Amino acid sequence: MKNELPINELPFNESELPSMSDDAWMPDRLGDGLEMTYVPMPDDYSGPVRCTVIRKRLEGAEVGVLYIHGFSDYFFQREMADEFVAHGYSFYAVDLRKYGRSYMPGQKMFQVRDISEYFADIQAGIDCMKADGCREVVLIGHSTGGLSSSLYMQQAPDPVVKALVLNSPFLAWNLPAVMREAGVPVVSALGRIFPGLPMKSGGTIHYNAAIARHLGGEWEYDPALKPDIMPDVDAGWIRAIDRAQKALLDGGIKVPVLLLHSERSVRPGDSLERYHDSDGVLDVRLIAEAGRKLGPDVTEVTVRGGLHDLILSRREVRDKVYDVIFHWLSFLGKRDIVV
């Protein structure tokens, strides 16, 4: 399939990325030793934009991980930072432009016209890590963050990134076949001409109810930054996702990839309890099918009882997920892992 996106052509000028200094960092809203800094970016089609880099450094560590969140999301998982630091890694995360800490008044939250817009934000996180002494980086992407991270590694990878971990990446639409094959291309074509055309997301509160403390779940986060009901998108967003997914069908990711997904997805007619042990957002079969094409070295792991965001699953499940990640990082490329 022909790739519409430019290969090896950065959508930003590296000289435009600001250099970071220690005095640019401040305590993060999550506390627990986490720090954050805003990284201003060149204006885009909607005006000023910025990303935010969050870090929890491990003194002397030369290997770090960089986490990229998903759609309608931001970094709030203090436990994840603690896990990686406890295992010898410095931890970093990016709140992408128009998300979370990076949102600026007057912006349309989560707006994007091309997934490559996020390359500069990912690179900003990596540059902060290099400035802190990290010589090797593990990139971790969840859902749309997994899509963005994969596209970055296909088209504009920094050589310091040595591995890619994907947590339920958004590599395929969770739609009936007729919608994937006919409906999405039509909307994508409209998105080229009318990017602001509103589209219903079809999101429900059920998935967030399985994770949010204020809805009866385990995790505490700010619903102003991560809405309880998935917000509507526009045709430009759909076009951006569709083009990125199609580009990744060409493979081309050269570093080892760990592909993680739940054992099953929630299906129409399932009980609400299913949202507590299944992927309530994406189709895990399609994730697996697309993920195996990302490159020559893909290790696929199916997680029984996993949520869409696997590291937000119940304690015994996420402990297994962390075990798999750290085992794989110790023995990159090892196959036949069973959870």
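**Exercises on helix packing**

The crossing in which α1 passes α8 is right-handed, meaning that the near helix is turned clockwise from the far one by less than a right angle. The model is a predicted one, in which local features need pLDDT of at least 70, side-chain atom pairs count only at pLDDT 80 or more, and totals for chains, interfaces and linings use all residues. Residues are numbered from 1 along each chain as its sequence is written, and side-chain values use heavy atoms, with hydrogens and water left out.

**Exercise 1.** Describe how α1 packs on α8.

*Solution.* Begin with the geometry: helix α1 (residues 78-86) and helix α8 (residues 315-330) pack at an angle of about 40°, with axes 12 Å apart. This makes α1 oblique to α8, a class left for angles that are not under 35 degrees (roughly parallel), over 145 (roughly antiparallel) or 65 to 115 (roughly perpendicular). Next, take the contacts (heavy atoms within 4.5 Å): E79, M80, E83 and F84 of α1 meet R315, R318, Y322, I325, F326 and L329 of α8.

**Exercise 2.** Describe how α3 packs on α6.

*Solution.* Helix α3 (residues 144-155) and helix α6 (residues 235-248) have axes 10 Å apart and an angle of about 50° between them, and are therefore oblique to each other. Their crossing is left-handed. On the α3 side, T144, L147, S150, L151, Q154 and Q155 meet W237, I241, A244, Q245, A247 and L248 of α6.

Key:
Axes fitted to C-alpha atoms, helices over the stretch in contact; angles between N-to-C directions. Helix = DSSP H or I, 4+ residues; strand = E, 2+ residues; numbered from the N terminus.
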